[in-house]
Amino acid sequence: MGGYGDVKLLREDGLRLDGRKIDEMRPIEIEAGILPGADGSAWVKHGLNIAVAAVYGPMEAHPRKIQRQDRCVIDVRYNMAPFSTSDRIRPGYNRRSREISKVTSEALESVVICERYPRSKIRVEIEILSAEAGTRCVGITAASVALADAGIPMRDLLVGVASGKVEDIVVLDLDKAEDNYGQADLPVGILPNTGEIAFLQMDGDLSPDEFNLAMEYNFKAAAEIHEIMVDALKRRYEGGEN
Amino acid sequence: MSQGQIGAELRLVTPGMAIGPLSGKRVGSGALAQNEQIIATRLGWVREMNDTVSVDPINAAYMPRSGDLIIATVAEVRNNLWFMDINGPFQGLLPMSLAPWKVEFGAARQHMGVGDSVMARVQEVDECHNVVLTMKGVGLRRINEGSILSVPVNHVERIRGNNNETLLRLREICDCRIMVGDNGRVLVDGSPEGISWARSAIKLAGNSGHKQTFSADLSALEKSAPKRGDA
């Protein structure tokens with residue numbers, strides 16, 4: 001059963017309301033280098049989510065009290081545009097955007113080789129232009145492509161992906177209805193080449209078996225998204241030499 | 001693993017991508033060794049030279065080295081020194097003792113304020129990445145006129161070309177003084193038409209300096225250059 005009474009999220013034929021299978025992702029498109037003024041940038045469309053990420057730096061960290069002597073700090077600002085949802089969002093920082101900025105920063109710090117730039121700052125701006133569900137994952141994916149585009153040294157590309165539970169069934173990549181009325185949501189940040197997890201959050205309850213199945217879906221989806229990310233980066237610089 | 005050899009097609013890699021087995025090879029910049037594999041850490045082209053595998057990044061921040069000629073901008077002024085934005089992850093420090101003028105303590109602002117640009121040289125970079133600049137030397141000065149442009153640091157060599165061929169060609173075409181800083185900043189000074197054309201050429205280098213078509217694109221742009229004496 002859904003989290004809100006009688007809301008039906010799965011059809012009689014076992015498919016979801018938007019016609020996807022339970023382990024099927026929404027369509028995803030990625031473009032790298034879309035902002036000419038930024039050191040690195042990316043645009044990601046995942047279902048009805050659209051995110052733009054821009055990277056500036058590394059640069060001298062200001063104010064100086066935020067400097068770390070042995071590594072750089074990654075200053076992430078996640079923001080949802082007022083027009084990104086049907087209900088207008090009040091512009092500016094709020095509790096949710098602070099939390100997502102923080103977890104995104106910590107996730108990115110685990111993939112960026114921060115020791116290369118002591119006392120510096122890398123500024124990452126994530127703007128959600130259109131929101132359906134799973135915007136933090138889309139933001140992480142966009143930020144990761146933008147960081148690679150900016151030439152920041154990284155151990156791997158970080159892929160944001162989520163799965164969850166609706167009507168007692170584990171499904172991959174929740175849409176808006178599933179996110180609102182489902183029983184659980186499990187967004188993770190995955191390093192596809194090493195299989196490491198850079199961040200993991202869970203909203204709702206999953207049994208150990210359900211958790212393992214959800215992670216299996218997440219890893220499978222991360223591999224697919226990773227291919228699209230690599231393709232976007234290669235497409236930007238194809239026909240090049242050095 | 002022979003992508004860096006002359007004549008071989010260069011291979012574009014992304015962070016985290018396996019370049020090949022370690023098998024006794026040394027790991028250069030832009031890569032790391034992990035589980036007997038060489039892993040790329042940057043977006044760029046694989047280069048193998050003298051048994052060392054490295055990745056030449058497409059984009060990279062400027063990392064200052066001692067002796068670099070750079071174009072820096074004043075970011076902060078103190079009583080006896082200037083903090084300079086050198087287009088890199090760290091600010092450079094220009095003490096008044098290394099300025100080309102006799103500066104009294106507390107009078108640094110009278111010589112240069114925030115936003116002023118200078119030609120300077122990197123005097124010293126220590127292990128903590130503290131960067132000390134100097135303006136004592138031939139050609140090092142405050143920039144009073146001209147236009148400063150930015151290009152990706154790894155395209156600086158493209159603008160210069162072999163033995164400065166491309167740079168001399170650009171200077172000849174637009175009849176401007178062009179100074180290329182190692183930190184990716186370019187000073188262009190001359191007639192407005194010349195500066196305008198030089199901006200187009202440098203923008204072209206910034207956008208497509210990594211492409212094989214760069215020389216042909218530059219030749220095509222040359223046709224739109226102002227004729228000498230027009231200005």
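1. Asn163(B) sits in the loop between helix 2 (156–160) and helix 3 (165–174) of chain B, where helices (H or I, at least four residues) and strands (E, at least two) are DSSP runs numbered from the N terminus. Although Asn163(B) is not a glycine, its phi is positive, at about 50°. Asn163(B) counts as exposed because 8 other C-beta atoms lie within 10 Å; a residue is called buried if 20 or more other C-beta atoms lie within 10 Å of its own, exposed if 12 or fewer, and partly exposed in between, with C-beta atoms placed from the backbone.

2. This is a predicted model, in which local features need pLDDT of at least 70 and side-chain atom pairs count only at pLDDT 80 or more, whereas totals for chains, interfaces and linings use all residues. Residues are numbered from 1 along each chain as its sequence is written, and chains are lettered from A and ligands numbered from 1 in the order in which they are written.

3. Chain A also has a residue other than glycine with a positive phi, namely Asp168(A), for which the value is near 65°. Asp168(A) is in the loop between strand 6 (159–166) and strand 7 (169–172) of chain A, and it counts as exposed, with 10 C-beta neighbours inside 10 Å.

4. Two cis peptide bonds in chain A deserve a look. One joins Gly57(A) and Pro58(A), with omega about 10°, and Pro58(A) belongs to strand 3 of chain A. The other runs from His62(A) to Pro63(A), with omega near -5°, and Pro63(A) lies in the loop between strand 3 and strand 4 (73–80) of chain A.

5. Where do the chains meet? In the model, 30 residues of chain A are in contact with 22 residues of chain B, contact being defined as C-beta atoms, placed from the backbone, within 7 Å. On the chain A side, strand 3 (49–60), helix 2 (135–149) and helix 4 (208–236) each supply at least two residues, and strand 3 of chain A gives the most, with 4 residues.

6. The largest nonpolar core has 87 residues, and among those touching the most other members are Ala53(A), Val124(A) and Ala142(A); such a core is a set of buried Ala, Val, Leu, Ile, Met, Phe, Trp, Tyr and Cys residues joined through C-beta atoms within 7 Å. Helix 4 of chain A contributes the largest share of this core, 10 residues. A second, separate core of 41 residues includes Met135(B), Leu149(B), Ile159(B) and Val188(B).

7. Chain B has 5 helices and 16 strands, and buried residues make up 39% of its 231 residues. Its domain assignment, whose bounds come from an automatic or database source, gives domain 1 (12–57), domain 2 (69–143) and domain 3 (147–222). The centres of domain 2 and domain 3 of chain B, taken over C-alpha atoms, are 25 Å apart, and 9 residues of domain 2 are in contact with 9 residues of domain 3.

8. An open sheet of 4 strands in chain B has the order 1-6-7-3, with mixed pairing, two strands being paired if DSSP finds at least two bridges between them. Its edge strands are strand 1 (12–13) and strand 3 (26–27) of chain B, each pairing on one side only. Strand 3 and strand 7 (residues 52–57) of chain B pair in the parallel sense over 2 bridges, and Arg26(B) stands opposite Thr52(B) in strand 7 of chain B.

Notes: Contact = placed C-beta atoms within 7 Å.
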